[in-house]
Amino acid sequence: MDIFQDSPILQGVKAITHAFAEQVIRPAAARHDAEESMPWDIMEQAANIGMAQTALIDTMSMDGPPEAQAATQGADAPPGKKKRRYGRQLAAVGSEELAWGCAGIMLAIGGSGLAASPVARMGTDLQKKLFKDCLTGKDEHGHVKVAAMALSEPATGSDISALKTTGVKDGEHWVLNGSKQWITNGKSAAVFVVWAQCDPSLGRGGVRGFVVPRGTPGLIPGRKEIKLGIRASETAQVILEDCRVPVEWMLGSSVPAGAQEGLSGTKKMLDATRPVVAAQAVGIAQAAYEHVLKRVQSSSLHGTPMAGHQHLAFALAEMEMEISASRLLVHRAAWMADQDLENVKWASMAKAHAARTAQEVTTRAMVMLGEEALEPGHPVEKWYRDAKIYDIFEGTGQIQRRIVAKELLGLNAT
């Protein structure tokens, strides 16, 4: 059953992004993985056809172009019926296909979306304009501009309520001090969304976000990390040393007292982005599965067609079942996010299940192919390395299971 059969919009996005992944991303994936280089040329091509930075800028507010509004709100509803909203489902479909091409390049193309999400959700008109203006045009190297979500810290990777970065009010400014670790686009970003503890007496309620343009005194992009996988996506440190930002750059700072979302808004944002990250894991798993499926269909083992060996056939069946289950969880969680339904449990189940699926499928593929898959540059070897991060970032597998368990037991999931 095609889960997109009732939506021409989703079918169209799937076809376009798959073609882009097959024709543009796949041929360059091994090179950027080996060089650990950002695929600026591919990011430029993606921007030129409406993906990445261009798309997120246009859809961040209702003053975007009509075609962007149609894409996010739906344009295929029968007359007299409420239009369906597709924002997160579109992102999930596109992310899976691009990650099928290369997860690292996909993150380079779409990594700015993570920073854009809290701005779109909590930002004032001024903050949205500041964010969009920072991403307009090219940087000093002639590259498309990117954004960074500066949340994780060296000692608080999963426990984001225990941030050590501080924000201290000083007249009409906030002074930020601390360090951020493992930040996507952290070295090259033109604008950062920085999270800091601004009122320790409020605990997690005191954590707030700030839109901070590159070049703000005291904001220092740090070293680029060397990573196991997703090497085409830049990951770096970000240092804050007496970084002074105007009070109006604090996310939601102009809303009435009591309506400020703080960290709770960040957690809701993660409930919307986790299905999209899970979709990337599904894309990796799908790529590895297709590779070994073709091999089994076309090769022999001990003089017998590989397809005739039951243990290989069963392994393929397990792969297909897990991938399909993960994909359905992803789109259930994404659909709920589009309908503004509480999806915390489903988002965490999708993220945990898809991450496990990507690791299990790539591991099975390594076993089925044997020694050849251990060679650097082999596609399965790359997918195996890329898969691991999906059990770590956007909340570890343990964190996701904790959230699901608390939901089942009627406790506060966050």
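**Entry 1: strands**

I began with threonine 184, whose bridge partner in E7 is threonine 235. The model I am reading is predicted. Next I looked up the strands around this pair. E3 covers residues 173-184, and E7 covers residues 235-246. Nine bridges join E3 to E7, and the two run antiparallel. I then checked histidine 173, which stands opposite proline 246 in E7.

I asked what else pairs with E7. Strand E6, residues 219-224, is joined to E7 by four bridges, and these strands run antiparallel. Isoleucine 220 has isoleucine 239 in E7 as its bridge partner.

Then I turned to E2, residues 166-170, which pairs with E3 over five bridges in the antiparallel sense. Here lysine 169 has tryptophan 174 in E3 as its bridge partner. I looked at the hairpin of E2 and E3 and found two residues between the strands. Glycine 171 in this hairpin takes a positive phi near 65°.

**Entry 2: salt bridges**

How many salt bridges does a search of the whole structure find? I noted 14. I followed some of them.

Lysine 14 forms a salt bridge with glutamate 97, and their closest N and O atoms are 2.7 Å apart. This pair links distant parts of the chain: lysine 14 is in helix H1 (residues 8-35) and glutamate 97 in helix H5 (residues 87-101), 83 residues apart. Are the two partners buried or exposed? Lysine 14 counts as partly exposed because its relative accessibility is 30%, and buried means under 20%. Glutamate 97 has 6%, so it counts as buried.

Glutamate 96 forms a salt bridge with arginine 327, again with 2.7 Å between the closest N and O atoms. Glutamate 96 is in helix H5 and arginine 327 in helix H10 (residues 310-338), 231 residues apart. Both glutamate 96 and arginine 327 are buried.

I also found glutamate 153 and lysine 180, whose side chains meet in a salt bridge of 2.8 Å, N to O. Glutamate 153 lies in the loop between strand E1 (147-150) and E2, while lysine 180 is in strand E3, so the pair ties together parts that are 27 residues apart in sequence. Glutamate 153 and lysine 180 are both buried.

Last, I noted a network of salt bridges that links Asp33, Glu381 and Arg385.

**Entry 3: covered helices**

H12 spans residues 379-388 and is mostly covered, with seven of its 10 residues buried.

**Entry 4: rings**

I looked up aromatic pairs, and a search of the whole structure finds two. One of them is tyrosine 390 with phenylalanine 393, edge-to-face, 5.1 Å centre to centre and 90° between the planes. Tyrosine 390 is buried, at a relative accessible area of 0%. Phenylalanine 393 is partly exposed, at 21%.

I also checked charges over rings. The charged end of arginine 26 sits over the ring of tryptophan 100, 3.7 Å from its centre. The charged end of arginine 332 sits over the ring of tryptophan 346, at 4.1 Å from the centre.

**Entry 5: a surface patch**

Which residues form a nonpolar patch on the surface? I found Leu408, Leu409 and Leu411, with about 360 Å² of accessible area together. Leucine 408 is in helix H13, residues 397-408. Leucine 408 is exposed, with a relative accessible area of 63%.

Terms used: Residues numbered from 1 in each chain as written. Predicted model: local features only at pLDDT ≥ 70, side-chain atom pairs only at ≥ 80, totals over all residues. Heavy atoms only, no water. Pairing = 2+ DSSP bridges. Patch = residues over 30% accessible without salt bridge, like charges linked within 9 Å, V, L, I, M, F, W, Y side chains within 5 Å. Areas by Shrake-Rupley, 256 points an atom, 1.4 Å probe, with all protein chains shown as cover. Salt bridge = Lys/Arg side-chain N within 4 Å of Asp/Glu carboxyl O. Buried < 20%, exposed > 50% of the residue type's maximum accessible area, 1.4 Å probe, protein only. Phe/Tyr/Trp six-rings, centres within 6.5 Å; stacked < 30°, edge-to-face > 60°. Lys NZ or Arg CZ within 6 Å of the ring centre and 35° of its normal.
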